[in-house]
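Hi there,

Here is the structure I promised to pass on. My notes on what turned up in it follow below.

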Amino acid sequence: MFENLSDKLASVFKNLKGHGKLTEKNIEEALKEVRMALLEADVHYKVTKTFVAGVKERAVGHEVMQSLTPGQQVIKIVNDSLAELMGGSHCDIDLAGEKPVSVMLAGLQGSGKTTTAGKLALYLRKKGKTPFLVPADVYRPAAILQLVKVAGQIGVPVFESSPDADPVDICRNARVAAQQQGCDVLIIDTAGRLHIDDALMAELGRIKQALTPSDILLVADAMTGQDAVNIAAAFNDALDIGGVILTKMDGDARGGAALSIKAVTGKPIKFIGVGEKSSAFEAFHPDRMASRILGMGDVLSLVEKATEMVDVKKAAELEKKLRKNQFTLDDFKDQMLSIRKMGSIGDMLKMIPGVSNSKHFKNLDVDERELVRIEAIINSMTPEERRKHQIINGSRRKRIAMGSGTKVQDVNKLLKNYTQVMKMMKKFNKGGIKSLRGMLPF
C-alpha cells in the first residue's frame, strides 16, 4: 500500500536533505513535487491543496530555516501533517450501550462486507468480546450462505436467517438469539447495491431505527480511489456513519482514499483489510500509517502482530533449548509456521524503519512458497532425523526430497540454513551480542 507515493516522497526528501541550508525557494520546489505525488496518488485535489498550504506555512519558518538539519525538520512536519490528515490518532469501534450492542456494516456490492464481517468478529473475539454474526442481505444470491460459511471457518455463532424474511425482522430476532446465547456484539451484514439508491438507504435507515446501533461502519474498497471517498460522503449523509473500514488496502499502491476520507467526510478510518485471510485485518493508526508512507517503518504494529502470535510458554521452552543448544528441526519448523501466521514477509519487512526505502530491500522478491517447502521437507523426515540432523546422509536426502515433492538441492539448502542458525546461536550464547556484530550484513 502507498508504494508509489512512498517512492516519490522518498525521492523528494532525499534531494531536500542534500541541502545544508534551506531557502524558501527550496521548500516551494519540494512542495510542488509533494503536491504532484499526492495528486498522482489520487488524493482529493482540495485536500491536497489544503495539505500543501499547511505544510508550507509550518516549514517556511525560523525553526526550520535556522535548523542544523532543515531537511529532517521538513520531513517531521510532513509526517505530522499526514497523520493529522488521516485523523491524528486511532479511533476505535464504539461498543457502548446495553448488551448486546449492534454494529452495522454498510456498503456497496463488491466492497467486501461479508468477509469483513468475519474479520471484524475475529478481531473483537481477540479483544475478549463474544460476537454474533447476522446475515441481513436477502437480495444477493447465496449471501446468507457465504456468511454462514465464514462464521464456520472462524468459529463464531451466526443467526440462521431466511432469504424470504424482512431484513429488519431478521435483525430483531437475531438480537433475541444473541441474548440467549450470551453474545455481546451483533455484527450485521446488510445488503448492498451496485450503485447508491433510495431503496437501499431506506432499508438501512429502517434497520438503524429498529436497532439503534452503537456504531455504523461503511465498508469501502480502497482500490476505487476517489469513488470510495464519494461513496463514504453519500452514506454519511444518509446514515451518519461512525467510521470507515477500507478493504483491499494491500492491493492499493496509491492510497488516495485513505488520505482523503477523513478530510472530506469528517469520519475516521477505523480499520483496514490487508489481505484475504481472516486475520488480515488491522486497526487503523494514522500516525503509524504516516510513518509507513515516509519509509520510517511501523515497529509498534509489528510488535503487536508478533505478540498476538507468541505462545509465552512455548517461547520460554524455546529459550531454554537455545541456551542448551537443543534447537531441533521441529523447533525450526515451528518458528517458520509462526512467521507465516504473522502475514506476508514483505509486509513485515516494510514495518522495520529504513527497510522500505533501503536499496538492499527495494527489489527484494520474497518467495512465500519457500516456507511451505521448508514445512514439507521437515515433515518428510523421521522423528530421529529431526532431532539429529547429522545422520541425514545422501540417500536420506534423496528420500526426503521425494517424500516432500522437492529437490535434493532444496533439502541441502534447508540443512545449511539450519546449521548456520545453530552456529549463530552458539556464538550468541558464548559471547553475547558483541560476537554477533561481525555476522550482521549492515
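A definition to begin with: a salt bridge here is a side-chain nitrogen of Lys or Arg within 4 Å of a carboxyl oxygen of Asp or Glu. Please keep in mind that this is a predicted model, in which local features need pLDDT of at least 70 and side-chain atom pairs count only at pLDDT 80 or more, while totals for chains, interfaces and linings use all residues. Residues are numbered from 1 along each chain as its sequence is written, and side-chain values use heavy atoms, with hydrogens and water left out.

**Salt bridges**

The structure holds 14 salt bridges. In one of them Asp166 pairs with Arg206, with the closest N and O atoms 3.2 Å apart. Asp166 sits in the loop between H7 and helix H8 (167–180) and Arg206 in helix H9 (residues 198–211), so this pair ties together parts that are 40 residues apart in sequence. Helices (H or I, at least four residues) and strands (E, at least two) are DSSP runs, numbered from the N terminus. For accessibility, buried means under 20% relative accessible area, exposed over 50%, and partly exposed in between (1.4 Å probe, protein chains only). Asp166 is partly exposed at 27% relative accessibility, and Arg206 is partly exposed at 38%.

Lys267 and Asp240 also meet through their side chains in a salt bridge, at 2.6 Å from N to O. Lys267 belongs to the loop between helix H11 (256–265) and strand E6 (269–273), and Asp240 to the loop between H10 and E5, so the pair ties together parts that are 27 residues apart in sequence. Lys267 counts as buried at 16% relative accessibility, whereas Asp240 counts as exposed at 51%.

Another salt bridge joins the side chains of Arg193 and Asp197 (3.4 Å, N to O). Arg193 is buried at 18% relative accessibility, while Asp197 is partly exposed at 26%. Glu385, Arg396 and Arg399 are linked in a network of salt bridges.

**Backbone**

Most residues other than glycine have a negative phi, and most peptide bonds are trans. Asp240 turns up again here: its phi is positive, about 55 degrees, although it is not a glycine. Its loop runs between helix H10 (226–239) and strand E5 (243–247). Ala142 has a positive phi too, near 65 degrees, and lies in the loop between strand E2 (131–136) and helix H7 (143–154). The peptide bond joining Lys99 and Pro100 is cis, with omega about -5 degrees. Pro100 is in the loop between helix H5 (70–85) and strand E1 (101–106).

**Cores**

A nonpolar core is a set of buried Ala, Val, Leu, Ile, Met, Phe, Trp, Tyr and Cys residues joined through side-chain atoms within 4.5 Å. Which residues touch the most other members of the largest nonpolar core? They are Phe235, Leu246 and Leu259, out of 78 residues. H5 gives the largest share of this core, 7 residues. A second, separate core has 25 residues, among them Tyr123, Leu124, Val156 and Phe271.

Contact means heavy atoms within 4.5 Å. Leaving aside residues up to four places away in sequence, Phe235 touches residues including Ile196, Leu200, Leu204, Leu218 and Asp240.

**Helix H6**

The 14 residues of helix H6 (residues 113–126) should span 20 Å at 1.5 Å a residue, and its end C-alpha atoms are 20 Å apart, which agrees. The expected span is 1.5 Å times one less than the number of residues. Of these 14 residues, 11 are buried, so H6 is largely enclosed by the rest of the structure. Among the buried residues are Lys113, Thr114, Lys119, Tyr123 and Leu124. Gly128, which follows H6, has a positive phi near 95 degrees.

**Around Leu39 and Thr48**

Leu39 is found in helix H2 (residues 24–40) and is partly exposed at 31% relative accessibility. Thr48, in helix H3 (residues 45–59), is buried with a relative accessible area of 1%. Residues that Thr48 touches, not counting those up to four places away in sequence, are Arg35, Leu38, Leu39 and Val43.
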